[in-house]
Amino acid sequence: MFMPDNEINESDCCGNGCTNCILDNKPKPSKRALLAGKRNVILNYANFRLLSNDTHNGDARVRLLHFVYSATNGDEEDDDSILDIPPGHHVMLRAELTDHATPLLRPYSPYWTDFTAKEFKILVKLQPDGPMSEFLSALQPLQVLQFRGPIGNYVHDANSAKCIVIIAQGVAIAPTLPLVSQVLENEDDMNRIRHLICAQDLQHVYFRDRLLEFAQYWNYRNCLYLAHQQCTRCTSSRDQPCEHLRKQLRYKEAAHNGRLDTKQLASQVPPQDGTIVVIIAGHSSFQRHMREQAVNALNVTDDNVFLL
């Protein structure tokens, strides 16, 4: 079986100080791809065609981008390839912009992939005056972009029951969805999920329908931490939702007004829950802050804290 030359060099780094830098986490064939005896098309930069560029939650700054592999060099009939991006891993987008001397690189974490159809979806929040954001906002279906991956170091162990605390900030909830799915969809997986979502307010909690589906499982529980939730109809304490907000919550949906702090974090995991693994998704400053909170509140070691 042909395996692509997936060497890396300094030019492959985006320079943004990513937790899982490509220089430290070289893309390599996944266990799933090796078992299937297939070539992972994304190990080297590969072309992916945009299928759709839609807004999410009615916010024009938040986009759902759907891509499919676009074969080149006569590979259209290549049935010996797949697309495998394990949960918790990201891919690097390389875009050549007319006003930039060198390609612009940005990492994105897919929240959905199709192994055989070679498709994936990402959720992106566009930043004002950001060159990559301007480029992505103008993308039209059928345009072709280049991606490479998978990049990351998190590997889930379904054979060792534990409590997995997943802390997600804003749009970074997206890459945590497949992490939850791989546990809940495996009947033999006895791991328990505590999904803690940090957002500005209820309107900025993304994928609430998906969270509702997760809530049907015995080993899943989530809580929303709304830092800037406001209600003009009534007043309430800092950490308790007002009556108006409670009426907007869904099945098994819990919410707190304010940020996730050490006290709240400790309350989410009973002492008898045994081994604890913490996964943090969000901005680098958020990740550093939450890592410190987790170490203090949950008494976990750095080896059991993973930053996406």
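**View 1. Strand E3, mostly tucked away.** Of the 11 residues of E3, 9 are buried, so this strand is largely enclosed by the rest of the structure. Buried here means under 20% relative accessible area, exposed means over 50%, and partly exposed is anything in between (1.4 Å probe, protein chains only). Helices (H or I, at least four residues) and strands (E, at least two) are DSSP runs, numbered from the N terminus. A word on ground rules: this is a predicted model, so local features need pLDDT of at least 70 and side-chain atom pairs count only at pLDDT 80 or more, while totals for chains, interfaces and linings use all residues. Residues are numbered from 1 along each chain as its sequence is written, and side-chain values use heavy atoms, with hydrogens and water left out.

**View 2. The partners of E3.** Strand E2 (residues 46-56) is joined to E3 by 8 bridges, and the two run antiparallel; strands count as paired if DSSP finds at least two bridges between them. Thr-55 sits opposite Arg-63 in E3. The two strands make a hairpin with 2 residues between them, and Asn-57 in the turn has a positive phi of about 60°. E3 also pairs with strand E8 (residues 119-125), again in the antiparallel sense, over 7 bridges. There, Val-62 has Lys-125 in E8 as its bridge partner. In general, strands of a sheet pair through backbone hydrogen bonds, either parallel or antiparallel.

**View 3. The largest nonpolar core.** A nonpolar core is a set of buried Ala, Val, Leu, Ile, Met, Phe, Trp, Tyr and Cys residues joined through side-chain atoms within 4.5 Å. The largest one has 37 residues, and the members touching the most others are Leu-123, Ile-173, Val-205, Phe-207, Leu-211, Leu-226 and Ile-279. Elements giving two or more residues to this core include strand E3 (59-69), strand E10 (163-169) and helix H4 (208-214). H3 supplies the largest share, 5 residues. Zoom in on Leu-123: beyond its neighbours within four places in sequence, its contacts (heavy atoms within 4.5 Å) include His-56, Val-62, Tyr-111, Val-171 and Phe-207. A second, separate core of 25 residues has Leu-65, Phe-67, Leu-126 and Leu-136 among its members.

View 4. E14 and E15 run parallel, joined by 3 bridges, and the bridge partner of Ile-280 is Leu-307 in E15.

**View 5. Gln-248 and the Arg-208 to Glu-253 pair.** Gln-248 belongs to helix H5 (residues 243-248) and is partly exposed, at 34% relative accessible area. Leaving aside neighbours within four places in sequence, Gln-248 is in contact with Leu-202, Arg-208 and Glu-253. The C-alpha atoms of Gln-248 and Leu-202 are 8.7 Å apart, although 46 residues separate them along the chain. Arg-208 and Glu-253 form a salt bridge (2.7 Å, N to O), that is, a side-chain nitrogen of Lys or Arg within 4 Å of a carboxyl oxygen of Asp or Glu. Arg-208 lies in helix H4 and Glu-253 in the loop between H5 and E13, so the pair ties together parts that are 45 residues apart in sequence. Both residues, Arg-208 and Glu-253, are buried.

View 6. Arg-210 and Glu-213 meet in a salt bridge (2.6 Å, N to O). Both lie in helix H4, 3 residues apart, about one turn of the helix. Arg-210 is partly exposed at 26%, as is Glu-213 at 43%. Salt bridges with shared partners join Glu-185, Arg-210 and Glu-213 into one network.
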